[in-house]
Amino acid sequence: MKKYNVIILGTDIACYSLARSYYEAFGEKAIVCAQSILIPFVNTKIADIYLKDDFATSAKTDDAFVEHLNEVAKKNPAEEYVIFLPYEEYLNKLQRNMDKLNFKVKIPYPDQERANKLIHKSEFYAYLETIGVNYPKTQVIDKNTIEELKLDGDLFMKPDNFEEFENLQGLENLKKGYKLSSRKECIETLKEIYQTNYSSKMIVQEYINGGDGTEYSINGYRGKNGKISMVLARNLLSDHRDMWVGNHLIQVDYEDNRLYDLAKKIVDGMNYRGLFNLDFKIDSKTGKIYVFEMNIRQGRTFYYTTLSGVNLIEAAVKDLVYEKAEEKRPDKEFMLRTLSDSCLKDKIKDEFKDIYEKRVDISLNPMENNLEKSLKRKWLVHRSIKSLEKEIYG
């Protein structure tokens with residue numbers, strides 16, 4: 001019997017990045033469990049796909065989720081299974097059903113208690129306060145405290161519980177984050193939101209100066225022995241559509257030990273174990289560093305870490321299966337892109353074009369994989385990238 005198998009939940013590009021990183025590290029196919037095959041996995045050569053209706057939908061279908069995982073594990077016997085997932089929704093579903101699985105599971109994510117706390121942004125900011133890490137001035141608002149808002153001037157607002165917020169019905173002004181110019185405008189927007197059935201809190205913060213090129217991301221893995229592998233990227237161009245704020249179109253290698261030190265302080269301070277993603281912004285006027293968010297998983301575009309020479313999926317498997325945690329930093333230049341070079345070179349700011357041109361020959365979209373020989377897949381990937389370019393830029 002095999003010592004272990006890797007299972008990935010889902011078939012979007014984030015899941016493909018997981019499967020690709022695993023294949024590149026170990027030369028083995030991951031097992032992918034999903035409801036349907038999305039474009040990245042069409043005719044793939046790097047994973048084995050197992051589908052089941054209702055696998056990924058609402059909480060009412062947990063039975064289908066559990067049944068499918070148990071069936072797949074039975075068909076692919078191993079001593080234990082490492083499960084990777086793209087989003088918190090899957091983590092919630094997996095953790096609430098762990099006792100129903102008929103096989104030994106290890107996951108590179110925090111335990112359920114810590115996950116339930118950190119999934120709420122307000123809990124994360126409260127933690128930053130206790131360890132003395134700088135974050136934007138923040139006020140947490142609920143439907144009963146709208147008029148108690150004290151912050152004024154340029155503000156940024158986002159939901160404390162994005163999973164609930166993104167599924168709202170009846171809100172015309174639905175955005176992942178709101179850039180607002182005054183307390184008055186913020187209160188008006190809050191009232192619109194709370195006229196819906198949204199029940200969680202909203203996070204209102206001072207707006208930190210700076211656009212593209214002032215935001216930074218660290219993806220990392222902290223092992224059971226406290227060793228941390230992580231990679232810093234500078235986000236040169238971001239997706240500014242209403243529901244995609246915080247997603248990035250171009251990420252390049254960058255060195256700033258201040259950000260690495262902050263990341264280490266944050267995850268060490270809570271004795272965090274598993275994959276993580278931290279977002280930072282450096283104020284364009286003051287140069288002050290702010291911590292923005294923490295995701296209790298790898299970021300959607302974490303594949304830049306694999307390009308950098310730090311394969312976080314490899315690090316997680318070695319730690320969880322072989323108890324060999326590593327501490328690695330990048331040793332390669334990289335440029336991860338979501339769109340085509342032909343599109344992006346016209347959209348990037350002039351001040352970043354030298355950085356872009358220096359890396360254009362090594363730029364990569366994770367879906368573009370020379371190991372995949374299917375002409376159908378290549379055509380679908382090309383078409384999906386062009387379609388996304390049209391959605392973003394018209």
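**Close-up views of a predicted model**

View 1. Gly394, with a positive phi near 80°, follows helix 13. Helices (H or I, at least four residues) and strands (E, at least two) are DSSP runs, numbered from the N terminus. The model is predicted: local features need pLDDT of at least 70 and side-chain atom pairs count only at pLDDT 80 or more, whereas totals for chains, interfaces and linings use all residues. Residues are numbered from 1 along each chain as its sequence is written, and side-chain values use heavy atoms, with hydrogens and water left out.

**View 2. Length, start and covering of helix 13.** Helix 13 comprises 19 residues (375–393), which at 1.5 Å a residue should span 27 Å; the end C-alpha atoms are 27 Å apart, so the two values agree. The expected span is 1.5 Å times one less than the number of residues. At the start of helix 13, a side-chain oxygen of Ser374 comes to within 3.3 Å of the backbone nitrogen of Lys376. Arg377, Leu380, Val381, Ile385, Glu389 and Ile392 are the buried residues of helix 13 (buried: under 20% relative accessible area, 1.4 Å probe, protein chains only). Their cover includes helix 1 (13–26), strand 11, strand 12 (247–253) and helix 11 (341–347).

**View 3. Helix 10 and its ends.** Nine of the eleven residues of helix 10 are buried, among them Leu312, Glu314, Asp319 and Val321. The N-terminal end of helix 10 is capped by Asn311, with a side-chain oxygen 3.1 Å from the backbone nitrogen of Ile313. Glu323, which follows helix 10, has a positive phi near 55°.

**View 4. The nonpolar cores.** A nonpolar core is a set of buried Ala, Val, Leu, Ile, Met, Phe, Trp, Tyr and Cys residues joined through side-chain atoms within 4.5 Å. The largest core has 87 residues, and Leu9, Leu69, Phe84, Phe124, Ile266 and Phe280 have the most contacts inside it. Helix 10 (residues 312–322) supplies the largest share of this core, seven residues. A second, separate core of 19 residues includes Leu155, Leu168, Leu180 and Tyr198.

View 5. Seven strands form an open sheet in the order 14-13-10-11-12-15-16, with mixed pairing (two strands pair if DSSP finds at least two bridges between them). Strand 14 (289–295) and strand 16 (363–364) are the edge strands, each pairing on one side only. Strand 10 (residues 215–222) pairs with strand 11 (residues 228–239) in the antiparallel sense over eight bridges. Ser217 has Ala233 of strand 11 as its bridge partner.

Conventions
Buried < 20%, exposed > 50% of the residue type's maximum accessible area, 1.4 Å probe, protein only. Contact = heavy atoms within 4.5 Å. Polar contact = N/O pair within 3.5 Å; in protein donor to acceptor, adjacent residues only side chain to side chain.
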